[in-house]
Amino acid sequence: MISTIPSYSTSVTQIRMIADHSCEILLQKPKSFQFQAGQHLYLKLNKLLYDDRKGQRRTFTIASAPFESELRLATRLTGSGFKRTLMEMTDSQVEIMGPKGEMVLDTSFPAIFIAGGIGITPFRSMVLEGLKMTTISSMTLLYSNPRLETAVYHDLFTELASFHSKRFYYYPTLTAQADQDASWRGERRRLDHVFIRDYVPPLGQVKYYLCGPQTLVQTLMDSLLHENVRAENIRSEIFWGY
């Protein structure tokens, strides 16, 4: 029950656009708030400035790593009353409850992260946390977006893959980028078992982490099981109602 989850009062310090129709919310991190990479929290606004039938509370995956000094959330802007209100909440008090979630990083095994759209948010936290650890040997991120403008944290992952070239591998794909757009020389295919097979070498026992829209996550789950990946080595989270 939500009533048993620890609750904290904090403030929004900054809201900024980080991709097309996507924004990042920075919150002061309460001193006693601790979480694991990949977990989420509930954020509750004190009041709504615009009507929203879903109310004053939403779930957000934590995009910041546990060692970072601020809490970082990212979301697609849907035009809902909640998100319209949130965009006007800089320097305002909000309530957070959490953390929650079981899709956390296991640093004992190589990690394969597969994300679609705003489903990338837990992997920012996991990648940064994993790179700080010495126990995780390698991490691979496959990330699908329609266009480069919608790819949240693309520049960060590109930089990390360059700097940590022997531990972190980043393979983005832009499925709706115009074929005549010569500025993009990367992948344009959809994420499926063939794409995964092309970029994920045989590594023995690894952990797969899937996050994004329901259709994508379920399709990838079925593909991995078909490829004889054991169910206990797959962790997933579905993002509902972008």
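Visitor: What makes strand β3 and β6 a pair, and in which sense do they run?

Guide: First, the ground rules: this is a predicted model, where local features need pLDDT of at least 70, side-chain atom pairs count only at pLDDT 80 or more, and totals for chains, interfaces and linings use all residues. Residues are numbered from 1 along each chain as its sequence is written, and side-chain values use heavy atoms, with hydrogens and water left out. Now, two strands (E runs in DSSP of at least two residues, numbered from the N terminus) pair if DSSP finds at least two bridges between them. Strand β3 (residues 40–45) and β6 have five, in the antiparallel sense, so by that definition they pair. Lys44, for one, is bridged to Glu95 in β6.

Visitor: How do you know that β1 pairs with β6?

Guide: Five bridges again: β1 (residues 7–19) runs antiparallel to β6 (residues 93–100). Ser11 has Gln93 as its bridge partner there.

Visitor: Why does the span of helix α5 agree with what you'd expect?

Guide: A helix here is a DSSP run of H or I, at least four residues, and its expected span is 1.5 Å times one less than its number of residues. With 13 residues (214–226), α5 should span 18 Å, and its end C-alpha atoms are 18 Å apart, so the two agree.

Visitor: Which residues of α5 are called buried?

Guide: Buried means under 20% relative accessible area, exposed over 50% (1.4 Å probe, protein chains only). Leu216, Val217, Leu220, Met221, Ser223 and Leu224 are buried. They fall within an arc of 165 degrees seen down the axis of α5, so they line one face; the arc is taken from the directions from the helix axis to the C-beta atoms. On the other side, Thr215 and His226 are exposed.
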